Amino acid sequence: SKGCFSKNDKAFFGLGGTDEEMGEADLPGLQERIWCERLVKGIPELEDVPTLSPIASDGDGEGESVCLTEEECNARRKEL
């Protein structure tokens with residue numbers, strides 16, 4: 001798998017792949033996608049955030065997005 005995911009309570013970051021591959025929600029076997037939190041457009045002071053790529057939002061200004069780097073994945077893993 002590509003991108004940030006967990007298996008057996010351990011986090012992994014599969015290198016390579018496209019943003020779409022790193023955002024695939026349906027992973028094989030025991031693997032589960034780890035999502036990073038992102039701020040959503042519409043909040044003026046945050047609209048210039050270069051990594052803004054929301055997938056889902058509950059309307060409170062925050063959403064879930066693909067972890068695009070190993071650093072983002074590691075930071076999110078520590079929060080879980």
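Analyst: A residue is called buried under 20% relative accessible area, exposed over 50% and partly exposed in between, with a 1.4 Å probe and protein chains only. The model is predicted, so local features need pLDDT of at least 70 and side-chain atom pairs count only at pLDDT 80 or more, while totals for chains, interfaces and linings use all residues. Residues are numbered from 1 along each chain as its sequence is written, and side-chain values use heavy atoms, without hydrogens and water.

The structure holds 2 disulfides, a disulfide being a pair of cysteine sulfur atoms within 2.5 Å. One of them joins Cys-4 to Cys-73, with an S to S distance of 2.0 Å. This pair links distant parts of the chain, 69 residues apart: Cys-4 lies in strand β1 (residues 3-7) and Cys-73 in helix α2 (residues 70-79). Helices (H or I, at least four residues) and strands (E, at least two) are DSSP runs, numbered from the N terminus. The torsion about the S-S bond of Cys-4 and Cys-73 is about 75 degrees, so this disulfide is right-handed. Cys-4 is buried, at 1% relative accessible area, and Cys-73 is buried at 2%.

A disulfide is also formed by Cys-36 and Cys-67, whose sulfur atoms are 2.0 Å apart. Cys-36 belongs to strand β4 (residues 35-39), whereas Cys-67 sits in the loop between β6 (62-66) and α2, 31 residues apart. Here the S-S torsion is about 110 degrees, so the disulfide of Cys-36 and Cys-67 is right-handed. Both Cys-36 and Cys-67 are buried. With the bonded cysteines numbered in sequence order, the pairing reads 1-4, 2-3.
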